[in-house]
Amino acid sequence: MAKHSGKRLFLLRHAIAVNELSDGDANRPLAPKGAEDAVALGQHMLKNDYKPDFVLCSPARRTRETLKGLQDHLDINNPTMPDILYSGSVGDYLYEIQKCDDQYQNILLIAHNPSIYELIILLAAQGSDSVMQRLTEGYSPATLSVIDCVCESWANIQPAENTLSTLTNPMDYNAPARPTRWM
């Protein structure tokens, strides 16, 4: 994969979590499949040279556990976990990106639907037809979007000016050898 020279955003919906709410929504852990997907995604990101130099992560348990799975393969240190990424709007997510230091070229944001999906829709004006088509099909857990940004400064990132270069979900990087529907 060719190296990208400008600013790049990696937008990730946390991996699949258990539905159990006994300890509250913020404390829901990843399901076993979610933990497996997070590790596989870390391998996929390493293989494709998708290396963030700064991470914004929701403080919810399922997002932190997703990050932990990635850390098995990526050198991620000192993630920032703003509370607003747990329940914030698409505008809140964008604001957190705009506050990032410009020394960082590649930012990974791990958060929740619907705001993470809405942020991709807001930022990406273009991409290949196949990638843009996939975006219309929804945004399942552990889906990663790579957005190439035209801004020189994170403070200046604007809606509808960036390119969605890749959209990857668990069926791309952690599919079973034989799809279950064929069994």
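**Helix packing and local backbone features**

Ala160 lies in the loop between E5 and strand E6 (162-168), where helices (H or I, at least four residues) and strands (E, at least two) are DSSP runs numbered from the N terminus. The model is predicted, so that local features need pLDDT of at least 70 and side-chain atom pairs count only at pLDDT 80 or more, whereas totals for chains, interfaces and linings use all residues. Residues are numbered from 1 along each chain as its sequence is written, and side-chain values use heavy atoms, with hydrogens and water left out.

The phi angle of Ala160 is near 60 degrees, a positive value in a residue other than glycine. With a relative accessible area of 48%, Ala160 is partly exposed; buried denotes under 20% relative accessible area, exposed over 50%, and partly exposed the range in between (1.4 Å probe, protein chains only). Ala142, which is not a glycine either, has a positive phi of about 65 degrees. Ala142 is placed in the loop between helix H6 (129-135) and strand E5 (144-148) and counts as buried, at 2% relative accessibility. A further backbone feature is the cis peptide bond from Asn113 to Pro114, with omega near 5 degrees. Pro114 belongs to the loop between E3 and H5. Most residues other than glycine have a negative phi, and most peptide bonds are trans.

Helix H1 (residues 32-47) packs with helix H2 (residues 61-71) at an angle of about 45 degrees, and their axes are 7 Å apart. Axes are lines fitted to C-alpha atoms, for helices over the stretch in contact, and angles run from 0 to 180 degrees between N-to-C directions. H1 and H2 are therefore oblique to each other; angles under 35 degrees count as roughly parallel, over 145 as roughly antiparallel, 65 to 115 as roughly perpendicular and the rest as oblique. The crossing of H1 past H2 is right-handed, a crossing being left-handed if the near helix is turned anticlockwise from the far one by less than a right angle, and right-handed if clockwise. Ala38, Val39, Leu41, Gly42 and Met45 of H1 make the contact with Thr66, Gly69 and Leu70 of H2, contact being defined as heavy atoms within 4.5 Å. By class, five nonpolar, three polar and no charged residues take part in the contact of H1 with H2. In this classification, Ala, Val, Leu, Ile, Met, Phe, Trp, Tyr, Cys and Pro count as nonpolar, Asp, Glu, Lys and Arg as charged, and the others, Gly among them, as polar.

Within H2, the buried residues are Arg62, Thr63, Thr66, Leu67, Gly69 and Leu70. These fall within an arc of 155 degrees seen down the axis of H2, so they line one face of the helix; the arc is that of the directions from the helix axis to the C-beta atoms. The buried residues of H2 pack against H1 and H3 as well as E1, E2 and E3.

H4 and H5 pack at an angle of about 70 degrees, their axes being 8 Å apart. These two helices, H4 and H5, are therefore roughly perpendicular to each other, and their crossing is right-handed. From H4, Val90, Tyr93, Leu94 and Ile97 meet Ser115, Ile116, Glu118, Leu119, Leu122 and Leu123 in H5. The contact of H4 with H5 comprises, by class, eight nonpolar, one polar and one charged residues.

Tyr93, Leu94, Glu96 and Ile97 are buried in helix H4 (residues 90-98). They cover an arc of only 155 degrees around the axis, which puts them on the same side of H4. Elements covering the buried residues of H4 include strands E1 (8-13), E2 (54-57) and E3 (106-111), together with helices H3 (84-87) and H5 (115-123). In H5, the residues Ser115, Ile116, Leu119, Ile120 and Leu123 are buried. Down the axis of H5, its buried residues fall within an arc of 145 degrees, so they line one face of the helix.

Asn106, in strand E3, is buried, with a relative accessible area of 18%. Neighbours within four places in sequence left aside, Asn106 is in contact with Arg8, Phe10, Lys51, Pro52, Asp53 and Phe54. Pro29 lies in the loop between E1 and H1 and counts as partly exposed at 21% relative accessibility. With the same exclusion of neighbours within four places in sequence, Pro29 is in contact with Ala17, Val18, Arg61 and Glu65. The C-alpha atoms of Pro29 and Asn19, 10 residues apart along the chain, are separated by 9.0 Å.
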